[in-house]
Amino acid sequence: MAPRPEPDPVAGHAVALVHAGADGAWATWIGDLLERCGTTVTYQLWDPGPGASLEEALTDLLPASGSVLLVLSNQFLRLAPYPDEDWTHALRTVLAPDSSRFVLVWTDFALPLLQDARPLAAAGLTGLDAAEAERRLLERLGLPDVPALAEREGDRPRYPASLPEVWGGVPRRNIRFTGRDWLLDEVHRRLRARDGRRVLTLHGMSGVGKTQLALEYAFCFAGEYDVVWWANAGARTTCRRGLAELAPKLGLSTGFEYGQRLRAVHDSLRRGTPFPRWLLVLDSADEPAEIGDLVPPGPGHVLITSRNPEWRDHGSALLDIPVFERRDSVRFIRRRAPRLTEPEADRLADALEDLPLLLDQTAGWLNDSDLSVEEYIALLEGGIGEAVVSVSADFPLAFETAWSILLDRLRSTVPEAVDLLRLCTFFAPGYIPVRLLREMPHDDLPEQLAGLFNDPLLWNRAIDQLRQYSVVRLESHEAAPDEAAPSGESLYLHRMVHQIVRQQVPDDRRREFADVARRALAAADPKRPTDARVWNEYAELVPHLGYADVLTSEDPAVRTLVLNCLRYLWFAGEYAEGVALGERAMATWRSQVHDTDRLIWELTYHYANLLRATGRFQETEAIDRAAVQHLREERGEHDLDHLRTASGLAADLRGLARYDEALALDQRLFPAYRDLFGEEDTRTLNALNNLGFSLRLRGRYEEAKDIDRRTLDARLRLLTRRHPWTLFSEVSYAIDLRLLGRYSEAEAIQEKNAREHRVVLGSDNPGTLRAEHNLALCHYRTGALAKAEPLISRVLELFEYKLGDAHLETVAVAVSRSCFAREHGDLDRARELSESVVVRYEETLIAGHPFTAGAHANHALILGRSSEVDHALTLIEQALAHMTQAVGPNHPWTLGCAVNASALRNLAGDIEGAAALSEDTVNWAAEALGRAHPLTLAARIARAADLRGLHQRGQADKAEREALADLDATLGPQHIHTISARSRNRPYWDFEPQTT
């Protein structure tokens with residue numbers, strides 16, 4: 001046995017660290033250890049050039065100064081697949097004569113070739129923990145006692161052999177992964193760069209291997225992370241659900257609804273607790289505008305695969321993924337099709353333009369075929385019919401021809417596999433819900449499909465054949481990198497394959513496949529769209545509706561599914577998706593049935609609800625008015641469809657600020673419902689609820705409170721306490737109490753209600769956000785400012801995330817946030833928000849809308865605080881005039897504008913004008929709201945200040961004493977408004993847009 005060489009210390013010297021790209025984690029860990037010992041490390045990818053002998057490749061390493069450390073692994077050898085005898089010769093002739101300069105480290109296996117490398121004394125790290133691996137490596141390098149063995153600190157790399165504590169959603173590793181070494185190294189380098197950009201998008205055309213590269217990265221570098229999580233991001237709903245499923249894995253305490261879980265996951269990843277090192281992979285994220293807001297910030301890494309380069313506009317770096325290099329193509333083909341020679345593989349790669357997905361699928365079946373490469377290429381070049389053209393700009397090859405050949409092969413071996421594949425294309429691409437196909441009733445299926453579904457052996461054979469040719473993937477989603485068997489599997493169909501196969505389905509069978517897919521979806525309908533417990537099931541079904549052509553079906557069960565999905569989308573706050581589905585349904589169903597069919601009225605109701613939820617009141621008013629008129633003439637005023645559509649029309653009128661018309665209509669509708677269905681029918685209670693809305697918008701708060709309390713009590717008796725409508729009524733009642741100045745009562749009710757909303761509907765549901773907005777305003781009015789400010793900010797952020805910054809619900813919270821900022825010292829923030837509110841209202845609301853006038857009134861206060869008194873006075877006078885015209889002189893909104901206008905007149909030096917306005921305001925407010933209402937009390941305090949300005953001190957003191965006494969009695973002596981009034985601070989009023 002050759003003597004072991006004495007270690008050659010490398011401290012203070014240079015080391016060239018040679019590694020495969022897939023071993024970047026090992027290289028980083030070893031390099032970090034050496035650098036902590038004072039060694040200068042340079043990193044070099046192992047990349048033998050085409051045609052180079054192993055001896056030449058190793059000799060090329062010699063010019064490096066200092067020592068050369070080779071990190072040996074399976075991947076290292078695969079990059080240069082030389083036979084064992086070449087390694088034996090190279091080790092003896094190149095490395096052994098200069099053994100003091102070369103260090104071998106092997107990481108994942110015992111190399112037989114190391115028997116010939118004993119003079120080099122390789123260090124084996126397989127199966128060792130981090131401490132022992134450090135000790136053994138340092139000993140080999142002649143550094144046995146250095147501080148580097150101390151506890152890790154800061155951002156030091158994790159030991160690569162460690163496993164993530166959380167691992168999920170990651171597909172099974174592709175054991176045929178080939179090449180891409182420099183890309184793996186580049187991904188690793190970019191994600192670890194210290195430029196602050198921890199989001200990287202792998203960008204490229206379909207089939208180029210983006211997903212496979214991300215998958216290999218997840219496995220190769222898993223040891224660097226505490227969490228590795230994979231989510232399908234092909235659609236917003238599936239992406240949100242995939243991210244939400246991470247919540248229990250992180251140990252987060254949340255409810256069952258995925259919106260609530262998603263929020264908790266975002267917060268956990270952003271803070272890096274409990275795990276600071278995480279990798280999130282968003283696969284097939286082709287619509288950054290839809291899911292860009294789902295990408296979490298924080299200390300971890302996000303890896304995205306996408307065909308869309310617009311991710312660079314969403315804070316992501318971009319890495320373009322090319323097709324295979326030719327040597328990788330040849331290597332890959334020969335592994336998939338060993339019968340092909342290297343020249344044949346080269347010609348095939350050239351014909352297929354080195355596109356990985358097509359290489360995989362073609363080589364897989366060509367190996368089993370009698371067809372020669374030349375014959376196949378001849379077919380590709382047009383030997384099977386008409387001239388070949390590309391399917392789209394995304395597909396640069398003759399895919400239709402290639403797929404015709406592949407499908408013919410499948411059809412001749414297992415024809416059922418072709419049927420199953422075609423059926424899968426009537427669901428959305430990506431993860432195919434084959435579970436729904438297996439669970440649906442199998443009676444009356446077409447003969448060919450009936451045999452497939454009823455024979456497990458035939459079903460498995462079809463899937464195995466599709467897998468063999470890489471047409472589909474059977475994904476596992478729970479197996480960690482070290483697990484041998486997956487615990488769960490699902491079928492995955494690449495979007496490119498999906499598109500090509502669907503285009504080639506014969507016309508005479510298209511209806512057959514679509515019908516089966518529709519039946520599977522209809523059978524899976526939970527039939528409870530208002531029940532938040534089944535919303536995840538609806539979220540799974542919605543993406544497939546379009547691909548299954550559900551709108552063309554006349555099956556009542558399928559039509560019911562569509563209506564239930566529309567209802568779910570409305571309750572879940574997915575308004576944009578609902579509107580799009582509703583528009584398509586209206587266009588299709590009107591061509592199938594008469595406009596007066598009950599189906600159209602049902603669809604119109606759901607579609608109008610969704611349109612109205614997006615603020616398109618003029619459109620819904622036109623739709624509902626025409627429907628109301630037709631139904632009244634055809635069926636009479638007591639027809640259910642007429643009543644329901646008329647209720648929608650009243651909601652439209654509220655959105656258009658035609659409050660008197662809406663109130664008059666709601667006052668007619670409630671007794672009509674009551675006479676038809678009784679006092680405690682859910683439809684009657686909905687009508688009563690709407691009447692409360694209209695009364696509140698007219699400023700009749702006491703009446704609205706009585707109606708809402710009555711509705712709430714009835715819903716508590718008729719429905720469960722946690723039914724969405726019960727929770728909604730409780731919010732309405734709490735708002736009424738707050739608007740009446742009963743702040744503590746409102747706060748107590750709303751705190752409990754907001755908690756229940758979060759549990760039942762989730763944290764980002766619009767209903768939950770409305771509840772939390774009211775809670776924040778309750779905190780604000782009771783003086784709990786430390787609770788109010790962060791809650792308002794969070795609700796605003798969530799509304800922007802859920803509905804967009806131009807939605808009326810979002811703007812309403814922005815109003816509250818601006819007012820809070822104005823009153824508590826951040827005038828710049830207040831002004832920025834206020835200006836954006838004014839612009840959004842002017843762009844989206846009809847001319848003369850009271851919300852616009854109210855926004856101007858709020859903005860005038862900011863201008864007054866900013867010493868722009870003249871501008872402020874002009875603006876508030878205009879706002880007062882417009883508000884008076886919009887809702888009348890005695891509406892609380894008008895009275896609030898008047899309180900502000902009198903204050904700004906006083907500030908501008910118009911004492912008499914201020915006093916005259918404040919006197920009128922006191923009289924109007926006392927009549928409309930009562931002498932003890934907070935708005936009336938504010939007007940009375942302001943009136944006392946104006947009297948003092950007129951030097952009428954006796955009257956001023958008397959008015960102030962009486963107002964302060966009523967403030968003590970109404971709000972309490974320690975309330976912030978009472979204390980402020982005692983300090984003789986002029987009161988102001990904040991305009992608050994109400995939900996319509």
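Phe219 counts as buried, at 12% relative accessibility, where buried means under 20% relative accessible area, exposed over 50%, and partly exposed in between, judged with a 1.4 Å probe on protein chains only. This is a predicted model, in which local features need pLDDT of at least 70 and side-chain atom pairs count only at pLDDT 80 or more, while totals for chains, interfaces and linings use all residues. Residues are numbered from 1 along each chain as its sequence is written, and side-chain values use heavy atoms, with hydrogens and water left out.

Let us stay with Phe219 for a moment and look at its partner. Rings of Phe, Tyr and Trp (its six-membered ring) pair if their centres lie within 6.5 Å; planes under 30 degrees apart count as stacked, over 60 as edge-to-face and the rest as tilted. By this rule the count comes to 22 aromatic pairs. Trp167 belongs to strand β6 (residues 166-168) and Phe219 to helix α7 (residues 210-220), so the pair ties together parts that are 52 residues apart in sequence. Trp167 is buried as well, with a relative accessible area of 8%.

Tyr659, Tyr841, Phe851, Trp893, Trp989 and Phe991 form one aromatic cluster. Arg644 lies over the face of Tyr605, 4.1 Å from the ring centre, and the charged end of Arg709 sits over the ring of Tyr733, at 4.8 Å from its centre.

Now step back to the whole chain. The protein chain has 43 helices and 14 strands; helices (H or I, at least four residues) and strands (E, at least two) are DSSP runs, numbered from the N terminus. Of its 996 residues, 58% are buried. The chain exposes about 39400 Å², and carbon and sulfur atoms supply 49% of that area, as computed by the Shrake-Rupley method with a 1.4 Å probe. Taking contact to mean heavy atoms within 4.5 Å, 70% of the contacts between residues at least 6 apart in sequence join residues at least 24 apart.

In α27, 15 of the 16 residues are buried. At the start of α27, a side-chain oxygen of Asp639 reaches to within 3.0 Å of the backbone nitrogen of Asp641. After the helix comes Ala657, with a positive phi near 65 degrees.

Just after α41, His951 takes a positive phi of about 65 degrees. His951 sits in the loop between α41 (934-949) and α42 (953-970) and is exposed, at 63% relative accessibility.

Most residues other than glycine have a negative phi, and most peptide bonds are trans. Ser867 has a positive phi near 65 degrees; its place is in the loop between α37 and α38 (869-887), and at 63% relative accessibility it counts as exposed. A cis peptide bond, with omega about 5 degrees, joins Thr273 and Pro274. Pro274 is found in the loop between α9 (258-271) and β9 (278-283).

His859 lies in helix α37 (residues 850-865) and has a relative accessible area of 9%, so it is buried. The side chain of His859 makes a polar contact of 2.8 Å with the side chain of Ser834. A polar contact is a pair of N or O atoms within 3.5 Å; within protein, one must be able to donate a hydrogen and the other to accept it, and residues adjacent in sequence count only if both atoms are side-chain atoms. Ser694, in helix α29 (residues 682-697), is buried with a relative accessible area of 1%. Leaving aside neighbours within four places in sequence, Ser694 is in contact with Arg654, Ala662, Leu663 and Asp666.

Key:
A charge sits over a ring if NZ of Lys or CZ of Arg is within 6 Å of the ring centre and within 35 degrees of the ring normal.
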